[in-house]
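Come along while I look up a few things.

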Amino acid sequence: MFASKKASARRIAYASPVAATLASIHVYPLKSCAPLPLDAASVKRRGIAHDRRWLIVDADNRFITAREHPRLTLIRATVGDDGLHLAAPEMPPLRVGIPRADTSRITVTIWDDRVTPLPADARANAWISEFLGKPCTIVYMDESCVRATDPDWSAPGDEVSFADGYPLLLISQTALDHLNERLQTPVPALRFRPNLLMEGTEPHAEDGWKRIRIGDIEFDVVKPCIRCIFTTVDFLTGAFDPSGEPLRTLIKYRRTPKGVAFGQNLIPRGDGVLRVGDLVTVLAAAATNFR
């Protein structure tokens, strides 16, 4: 999976002038919560620090997202040295402490993966259960809780947080503009839950990228992000858009054999810091990643 000298030379040959600029960075400390903007972010192999390290599971210890409970997008989650801070409409603010390492782990299911995170305390679980109106538990992914990426699209040892499948998600402003030209009511970039929004490319230029560098960090561009009903959740109201947009329109021109594709999943190939305004350079091109 990792490049040989010949492959490295090929990447240099492909290297382009600056393709784009990093326009914004967002994390979602609690999966499905409101987006949290950052000016700079530390990146390691699981992705951006604090991104989707907390998860809500139901009474069967299966993950819960805004696909089933769109009100989750109304939760404002921030991270401090003392843990997770939660705020939501008609709920008291709550600090959720990072569970002790000797806390008894539970086995939870996220998609087809089974992992063993640490459960939060009873106060946190009562808070989220009241907000959703059903028994729930908040769990935390520490360094000992390991979740591998799909081996068909990654290298041995690659890991991911509680994100759907890969450490980071990238979309381009021009792709969004191209979509919004087709919509009666434009949608914001954050409907697509990106970590990284870039500007300065042709629409969907990222479909043809294999490897890029943002600032000083290199990333493999591994596969398109296949879209679902979550794109129809208005995260400002915590409700589904009754028009079914933007998914209804995307189906007309972004359908692939795997589903509707919009944006690209990334795997970092090094640690470092990303900053808004960083340059994005294409190191290796692919015939297309839109498949």
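**Entry 1: a leucine and its contacts**

Leaving aside neighbours within four places in sequence, which residues is Leu30 in contact with? A reminder to myself before I answer: this is a predicted model. I find Leu30 in contact with Trp54, Leu55, Ile56, Ile75, Ala77, Leu84, Leu86 and Ile138, once its neighbours within four places are set aside.

I then looked up the largest nonpolar core, which has 31 residues. Leu30 is one of those that touch the most other members, along with Ile56, Ile75, Leu86, Ile128 and Ile138. The elements giving two or more residues to this core are β5 (54-57), β8 (83-87), β9 (94-96), α2 (122-132) and β13 (137-140). Of these, α2 gives the most, with five residues. Apart from this core I noted another, of 21 residues, with Ile25, Trp209, Val221 and Val282 among them.

**Entry 2: the helix α2**

Next I wanted to know which residues of α2 are buried. My list reads Ala124, Asn125, Trp127, Ile128, Ser129, Phe131 and Leu132. What covers them includes β5, β6 (63-64), β8, β9 and β13.

I checked both ends of the helix too. Asp121 caps the N-terminal end of α2, with a side-chain oxygen 3.2 Å from the backbone nitrogen of Arg123. Just after α2, I see Gly133 with a positive phi of about 75 degrees.

**Entry 3: a proline in a strand**

Is Pro119 buried or exposed? I put it down as buried, because its relative accessibility is 17% and the cut-off for buried is under 20%. Pro119 sits in strand β12 (residues 118-119). Arg105 is 14 residues away along the chain, yet the C-alpha atoms of Pro119 and Arg105 are separated by 6.6 Å. Leaving aside neighbours within four places in sequence, I found Pro119 in contact with Pro99, Thr103, Ser104, Arg105, Ile106, Thr137, Ile138 and Val139.

Most residues other than glycine have a negative phi, and most peptide bonds are trans, so I went looking for exceptions.

Arg52 is not a glycine, but I read a positive phi of about 55 degrees for it. Arg52 is in the loop between β4 (47-48) and β5. With a relative accessible area of 9%, Arg52 is buried.

Glu90 is not a glycine either, and has a positive phi of about 60 degrees. Glu90 lies in the loop between β8 and β9. I noted Glu90 as exposed, because its relative accessibility is 82%.

I also found a cis peptide bond, joining Glu245 and Pro246, with omega about 10 degrees. Pro246 is in the loop between β19 (239-240) and α4 (247-253).

**Entry 4: the largest pocket**

How many residues line the largest pocket? I count 32, and Arg67, Trp111, Ala163, Asp164 and Gly165 lie nearest its centre. β17 gives the most, with five residues. By class, I recorded 14 nonpolar, six polar and twelve charged residues in the lining. The space in this pocket comes to about 750 Å³.

How values were computed: Residues are numbered from 1 along each chain as its sequence is written. This is a predicted model: local features need pLDDT of at least 70, side-chain atom pairs count only at pLDDT 80 or more; totals for chains, interfaces and linings use all residues. Side-chain values use heavy atoms; hydrogens and water are left out. On a 1 Å grid over the protein atoms alone, a cavity is a set of points where a 1.4 Å probe fits but cannot get out, and a pocket is an open set with protein on both sides within 12 Å along at least five of seven lines; lining residues have an atom within 4 Å of a point. Grid points are joined across faces, edges and corners, and a volume is the space filled by probe spheres set on the points. Helices (H or I, at least four residues) and strands (E, at least two) are DSSP runs, numbered from the N terminus. Ala, Val, Leu, Ile, Met, Phe, Trp, Tyr, Cys and Pro count as nonpolar, Asp, Glu, Lys and Arg as charged, and the others, Gly among them, as polar. A nonpolar core is a set of buried Ala, Val, Leu, Ile, Met, Phe, Trp, Tyr and Cys residues joined through side-chain atoms within 4.5 Å. Buried means under 20% relative accessible area, exposed over 50%, partly exposed in between (1.4 Å probe, protein chains only). Contact means heavy atoms within 4.5 Å. A polar contact is a pair of N or O atoms within 3.5 Å; within protein, one must be able to donate a hydrogen and the other to accept it, and residues adjacent in sequence count only if both atoms are side-chain atoms.
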